[in-house]
Number of protein chains: 2
Amino acid sequence: MNYRFANRMLGMQTSPLRENAKKNMEESEVISFAYGFPPTEAFPMETLQEISQKIYTEVDPQLLLQYGATEGYPVLRELIKERLATINHIENDEEVMVVSGSTQAMDVAVKVLCNEGDIVLCEEMTFSGAVNAIRGYGAVPQAVPMKIEEESIDLEVLEEMLRMDIHHRIKMLYLIPTFQNPLGTSIPLEKRQAIYDIAQKYDVVIFEDDPYGDLLYEGDPIPKIKEMDTDGRVIYAGSFSKILAPSTRLGFVMAPDELLEKLILAKQVSDSHSNFYWQVMLAEFMQHYNFEAHVDFLKALYKENLTAMMDGLDRLPSEKISYIKPTGGYFICCKLTDTIDMKKFYQYLEEDKVVVIPGNIMSVKGAGYDHYIRLNFTKPTVEEIITGIERLGKAVDKADMKEIYRAS
Amino acid sequence: MNYRFANRMLGMQTSPLRENAKKNMEESEVISFAYGFPPTEAFPMETLQEISQKIYTEVDPQLLLQYGATEGYPVLRELIKERLATINHIENDEEVMVVSGSTQAMDVAVKVLCNEGDIVLCEEMTFSGAVNAIRGYGAVPQAVPMKIEEESIDLEVLEEMLRMDIHHRIKMLYLIPTFQNPLGTSIPLEKRQAIYDIAQKYDVVIFEDDPYGDLLYEGDPIPKIKEMDTDGRVIYAGSFSKILAPSTRLGFVMAPDELLEKLILAKQVSDSHSNFYWQVMLAEFMQHYNFEAHVDFLKALYKENLTAMMDGLDRLPSEKISYIKPTGGYFICCKLTDTIDMKKFYQYLEEDKVVVIPGNIMSVKGAGYDHYIRLNFTKPTVEEIITGIERLGKAVDKADMKEIYRAS
């Protein structure tokens, strides 16, 4: 038969994750800076094995294996709220819902807030899963230009876009304010406050996606936009993919009651509830084992990797390849100089078996960022980072048209 | 702030599951025939504990805990295909995707096939989660009248609805052909073939939802509509909620390649992939332990419950309460005679601490089935079934206006 697919499917693209999750399972000599994956050492195998052994004898099977409440395991929800208060200084009367990764938080938020044709503002370069979620309900992702050097979006343009939106088609502003994907940058405090004030002035919801927020390696944390939320306009989403394990699909979303009720309903339709066995596992980990020590271990591990990658990049000529130093998270985003032939650059990288994510893949428009590349520093080892960045430097040199011109 | 919710949210209702999943966790003297839950004995605790102990030492953590492919663990997908071939006689070239319960299969199917305003035909009484999934994309569930005595939908009306649909707004026919929820009935073979032929004639997709299909207690299985699918118009969805554990959220969907590709993309946006730890657990169970013996154990367990419930119902006056004997599944649906005051009936049931699901909750229109009740026979014990059905009989007697009239 001839399938007639819904219009919304036309706008959605397969994200690189899928294909490459498969590749990841295969053996390979490739040095990959491509995907936002944790390394094997990041998984707390012994603790998980220990909890998994006691869980079958000590926990009621009706809790562990039965259908559960859509909003999640009450004990875990409470632990998440306590952690938000103590670690992130987010203290309020709002409740959290457990979701299947923060990806699902965005999916249900769009479902609940956007009619077809409505607009969601995004950073120009952002997480492609969020862009797909927006398109998945026939809504339109619209890029707010960035001021990358200032680690922010352009606030004047943001305000202008909202001021011009006389028919109130803009329903949400999607941001990854902390250790942004792909940029690795963090919006400074005063700009966060300014963004919140603009959102308030034009009455728009902010979706603060914060999957990397726990992974701070240097300096003081910047307050979350959610911390400034005086009138319940910020949906705050967190994830355990980066601090427990991605495969378990556990994240959470915090929102005011009226909004959370609708998010719960939307999630119920989508998958009833998130895996309860893992909700119990995580609650046990947080209650009876030292979960924060595990997070500290990850921070030390990744800080070493980040340092190695920055050291390597700093050895390359800064007029050819530049980047903004992240203080946390998963990624460094590099800008290559305009004289570099990107087609040749990727060709040399491939020959040298190094993989990176091209900037345009992370661009809402799919264009405009062809001289940017995203590098992940959590999955590779320090040795791979050193070798890989050296090879990257060679590819930069070889693909620079200015060098080729000089040599000829 | 004032939230402006998307229009699609207006049509969605909280399903009874959510509230009652919570109640289920509380202790209670109530005899519940309400929810489609397995009992504690249904969970293969020893086997799961055994697998969970070896899994951390024998399985690659990168498979167990890392991000995985959206379509699922290849080994599990192959095992599901083999099981479909040997147990359900569904043998074809199509692939399966692992989903987070068969609820998600319907969610992504609607996402992929329905624009706003499109129609999905459903049995008049059906699973409310599917109805919510349809409304969740702004599509419209439309009830096909049933011929309950014939255990089918009205084929003449079905054909008339499709014939009248000159603008091709009807995109899908959603059916639970085997051990229907809430009716417990199964569409006979010749009617399945007739439904398929009509779908073919009017070029519409069939969604065959089969979460109960494995639980056959008596007689021969009826071939699935998917078995008749010569031109790739049947999306077939199965679930492990009823034969492993609901909390794990594992189901699957089978569809032709072109359609499955889109379903995979839709699922990727929703939750990236289903819990991989449990995909590995289930694959281990199916490969190295006797999974079919476990299914047989469940069938014996539930057959005993079904027999007890039918015995109890058969002791009640058939002119007041009648039902069609199921040969499998989770539910019996009873029709109470018109002279019963349903308000009084539910009041007496509540006094006697028995809970059932009112027919109208399972009705697409939310009306027309007020004298029907759905009874689950898998969760209560045989003792609870005997006592509960006796109490149900008393409530029927006491709420019958004819009796009250006679007595006065």
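This is a predicted model: local features need pLDDT of at least 70, side-chain atom pairs count only at pLDDT 80 or more; totals for chains, interfaces and linings use all residues.
Local features were taken at pLDDT of at least 70 and side-chain atom pairs at pLDDT 80 or more, while totals for chains, interfaces and linings use all residues. Residues are numbered from 1 along each chain as its sequence is written, chains are lettered from A in the order in which they are written, and side-chain values use heavy atoms, with hydrogens and water left out.

The contact (heavy atoms within 4.5 Å) takes 95 residues from chain B and 95 residues from chain A. The area buried between the chains is about 8,500 Å², with 56% of it given by carbon and sulfur atoms; buried area here is the accessible area (1.4 Å probe) lost when two parts are put together, summed over both. Four salt bridges are counted between chain B and chain A, a salt bridge being a side-chain nitrogen of Lys or Arg within 4 Å of a carboxyl oxygen of Asp or Glu. Lys111(B) forms a salt bridge with Asp107(A), where the closest N and O atoms are 3.4 Å apart.

Between chain B and chain A there are also 42 residue pairs in polar contact, both residues at pLDDT 80 or more. A polar contact is a pair of N or O atoms within 3.5 Å; within protein, one must be able to donate a hydrogen and the other to accept it, and residues adjacent in sequence count only if both atoms are side-chain atoms. Several helices of chain B, including α1 (16-25), α2 (45-58) and α5 (102-113), each supply at least two residues of the side that touches chain A. Helices (H or I, at least four residues) and strands (E, at least two) are DSSP runs numbered from the N terminus. The most is given by α9(B), with eleven residues.

Turning to burial, eight of the eight residues of α6(B) are buried, so this helix is largely enclosed by the rest of the structure. Buried means under 20% relative accessible area, exposed over 50%, and partly exposed in between (1.4 Å probe, protein chains only). Among the buried residues of α6(B) are Asn132(B) and Arg135(B).

In chain A, Ser241(A) lies in the loop between β9 (234-239) and β10 (251-255) and is buried, with a relative accessible area of 2%. The side chain of Ser241(A) makes a polar contact with that of Arg249(A) at 3.4 Å. Leaving aside neighbours within four places in sequence, Ser241(A) is in contact with Pro38(A), Pro246(A), Arg249(A), Leu250(A) and, from the other chain, Tyr67(B). Gln66(A), in the loop between α3 (61-64) and α4 (74-88), is buried at 0% relative accessibility, and the side chain of Gln66(A) makes a polar contact with the side chain of Gln62(A) at 2.9 Å.

Finally, Leu155(B) is found in helix α7 (residues 155-164) of chain B and is buried, at 18% relative accessible area. Not counting residues up to four places away in sequence, Leu155(B) touches Lys191(B), Ala194(B), Ile195(B) and Ile198(B).
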